[in-house]
Amino acid sequence: MTFNRARFDELISKLQRSALSADELKELGTLQGQLSKLNEGREALIKDVQKSIDDNKITVLELFGTARKLGKLLVEQGVKPDSVFPPKAATGATGEDGEAKPATTAATIDRPSNNNEEVINHKGHGKPFIYKRGRVYEDVKGQPTTDLKKVYGQSLGKFFATHKTAAAIKEAATEAGKTYFSTPEGKKELDKLVELAQLA
């Protein structure tokens, strides 16, 4: 199966401009089906690789050579250092045992969506806003998603303060995000994000 990425992107662009013909809409559906199968195959391959690594007890350094090389690869993939090494505790914050407590940030909250695909990456004046697929539906440690500052941190409020429409949000989407937000499931999630944006 050969997936034509250039044609897919072209049809997605026309869809966003409401300029698709009936035949093109049918063609887009076929391409979306092909992309879905490719993604499924990729996920299966990743699981096989992970199982092989676990079964053979292969270490990270055996795979990547040096910690510096691994760090560089993580940065290139858009992984923030504080998502791997949690930030130090805020000054004066202590637990019942007197030990310093880590500051609760978006990076330190354990979320089901942490391993999902990154669909929004907005680099503003301050800290980038990164959103992963499915996060809008989560209720994290009793803090519903609608409580923007508690769950996501200040950056979410700043992002949605200037991105209140579907079109504005999609402008900040990654390539994977643009594809996802054009699917029925993605459009539903985008609508939920627009709903949240009105609270910011």
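Trainee: Which residue does D9 form a salt bridge with, and how far apart are the closest N and O atoms?

Mentor: Keep in mind that this is a predicted model. D9 pairs up with R5, and their closest N and O atoms sit 3.6 Å apart. Both belong to helix 1 (residues 5-16), where they are 4 residues apart, or about one turn of the helix. As for solvent, D9 has 33% relative accessibility and R5 has 39%.

D55, at 49% relative accessibility, is partly exposed.

R133 and E185 make a salt bridge too, with 3.3 Å from N to O. This pair ties together distant parts of the chain, 52 residues apart: R133 is in the loop between strand 2 (129-132) and strand 3 (139-140), while E185 is in helix 10 (residues 184-197). R133 comes out at 27% relative accessibility, partly exposed, and E185 is partly exposed with a relative accessible area of 48%.

There's a network to look at as well: R7, E10, K14, E24 and E27 are joined into one by salt bridges that share partners. Overall, the count comes to 10 salt bridges.

Key. Residues numbered from 1 in each chain as written. Predicted model: local features only at pLDDT ≥ 70, side-chain atom pairs only at ≥ 80, totals over all residues. Heavy atoms only, no water. Salt bridge = Lys/Arg side-chain N within 4 Å of Asp/Glu carboxyl O. Helix = DSSP H or I, 4+ residues; strand = E, 2+ residues; numbered from the N terminus. Buried < 20%, exposed > 50% of the residue type's maximum accessible area, 1.4 Å probe, protein only.
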